[in-house]
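Work through the exercises below with the sequence and the coordinates at hand. Each task is followed by its solution in steps.

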Amino acid sequence: MANTVKAVILRGRKTVENVVEGGLDTVETVVEAGLNTVETVVVEGRKKVETAVHQGRRTVENVLLHGRTTMKAAVLHGREDIRIEAVPVPEAGPGELIVSVGAALTCGTDLKVFRRGYHARMIVPPALFGHELAGTVVEAGEGVTGFAPGDRVVALNSAPCGQCYFCARGQENLCDDLLFNNGAYAEFIRIPARIVAKNTLHIPAQVPLEHAALTEPLACAVHGFADSHPHPGDTVAVIGGGPLGLMILHVAALAGYRVIAVVKHDGQVEAARQLGAAHVVQATNIRKAIRETRALTEKDRGVDIAIEAVGVPESWEEAVEMVRKGGTVNFFGGCAVGTHVTLDTNRIHYSDITMHATFHHTPAMCREALDLIASGRFQASAFITGHAHLYELNRVFEKLMNRGSEIKTAIVP
Ligand SMILES: [Zn+2]
Ligand SMILES: [Zn+2]
């Protein structure tokens with residue numbers, strides 16, 4: 001009897017437990033499903049709002065941009081002939097960006113182009129020109145995912161293909177199909193899809209646009225210095241006090257190397273000191289410059305590394321004469337087409353001299369350069385010695401040709 005009662009109670013308890021458990025499960029399922037529904041509704045709602053905001057912003061920007069059919073831009077027509085003209089505002093094709101130029105910097109290459117009226121690889125007049133820029137995205141073409149209107153960006157002047165023999169070896173600066181972009185001296189510039197995908201970078205909030213625009217030349221300087229394979233404790237001579245010579249010496253000094261700046265013009269002496277040169281050799285005579293530079297090394301043995309950043313044959317020869325036995329020379333400055341140099345083969349061979357020649361930059365170097373600018377250690381403002389409006393571009397280049405103490409001028413459209 002007792003057993004029967006016990007069995008009934010047990011069975012009863014089990015039934016109750018099953019019911020309770022089942023009930024709990026049901027409640028949980030209901031609650032879970034409810035939460036899911038609520039979340040879906042919230043997420044969907046948020047998405048709709050975001051899309052509406054985005055569409056709205058795009059519409060406003062498109063109206064701002066496309067309400068205008070023309071913009072002001074510098075057009076190079078030939079030797080020392082720049083005209084500010086009204087040209088069609090570019091539109092973004094698939095993968096492309098339209099950037100409102102915040103600052104475009106003058107550069108030695110542009111000065112050469114201004115003087116010669118063309119650039120063998122990049123510019124055939126009449127053409128838009130200028131290649132160091134930073135600005136704000138105003139239009140993103142179909143399929144662009146990394147950028148949206150309002151983003152502050154620095155778009156580099158080139159991008160490698162990523163597929164050729166050189167790209168596969170990490171030598172993207174030598175890409176067989178390097179795509180160049182010009183047209184920074186304008187209100188707006190179109191950024192081709194490949195540059196958007198590979199060489200357009202977001203600018204950290206604390207970095208002014210004109211500082212970010214230094215990314216391109218600085219990438220070349222960082223590349224040139226890295227390519228010279230410095231060792232701790234090295235003494236580095238940098239020949240040339242132009243923008244790139246000064247940048248290389250600054251990069252080397254920031255990395256803790258002892259730098260000797262070899263410059264020509266008075267205005268460059270102070271800049272070289274300010275940017276970290278331990279010594280400045282100012283000599284118009286090359287033999288004297290070599291002697292004075294060697295005298296700054298122990299037993300006149302010569303510097304460990306000499307980087308030529310002028311781009312004339314005499315300076316290339318000078319660089320070879322400045323390094324110690326076993327030293328490294330970097331022919332960083334590009335000379336005019338057809339230039340030949342005469343080098344002392346005995347000295348190169350019996351002194352075991354390593355020679356490099358660094359050209360351009362790679363996507364990795366561009367990122368390194370922007371990081372250096374954003375670090376705050378790089379004296380970006382020292383490189384921008386003037387500001388001018390687009391309309392003053394001719395005058396700015398004429399002034400640069402006369403080699404004052406100007407380093408770079410920020411052109412603000
Ligand atoms: Zn440049
Ligand atoms: Zn390539």
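A residue is buried if its relative accessible area is under 20%, exposed if over 50%, and partly exposed in between (1.4 Å probe, protein chains only). The model is predicted, with local features needing pLDDT of at least 70 and side-chain atom pairs pLDDT 80 or more, while totals for chains, interfaces and linings use all residues. Residues are numbered from 1 along each chain as its sequence is written, and side-chain values use heavy atoms, without hydrogens and water.

**Exercise 1.** Classify the ring pair of Phe114 and Phe397, and state where the two residues lie.

Solution. 
1. Rings of Phe, Tyr and Trp (its six-membered ring) pair if their centres lie within 6.5 Å; planes under 30 degrees apart count as stacked, over 60 as edge-to-face and the rest as tilted.
2. By this rule there are 8 aromatic pairs.
3. For Phe114 and Phe397 the centres are 5.0 Å apart and the planes stand at 20 degrees, so the pair is stacked.
4. Helices (H or I, at least four residues) and strands (E, at least two) are DSSP runs, numbered from the N terminus. Phe114 is in helix α2 and Phe397 in helix α14 (residues 393-401), so the pair ties together parts 283 residues apart in sequence.
5. Phe114 and Phe397 are both buried.

**Exercise 2.** Is Ala237 buried or exposed? How far apart in space are Ala237 and Glu308, C-alpha to C-alpha?

Solution. 
1. Ala237 belongs to strand β11 (residues 235-239).
2. Its relative accessibility is 0%, so Ala237 counts as buried.
3. The C-alpha atoms of Ala237 and Glu308 are 8.5 Å apart, at 71 residues apart in sequence.

**Exercise 3.** Is Tyr350 buried or exposed? What distance separates the C-alpha atoms of Tyr350 and Lys325?

Solution. 
1. Tyr350 is part of helix α11 (residues 345-350).
2. Tyr350 has 63% relative accessibility and therefore counts as exposed.
3. The C-alpha atoms of Tyr350 and Lys325 are separated by 8.2 Å, with the residues 25 apart along the chain.

**Exercise 4.** State the class of Arg116 from its relative accessible area.

Solution. 
1. Arg116 lies in helix α2 (residues 108-116).
2. Its relative accessible area is 37%, so Arg116 is partly exposed.

Technical notes
Chains are lettered from A and ligands numbered from 1 in the order in which they are written.
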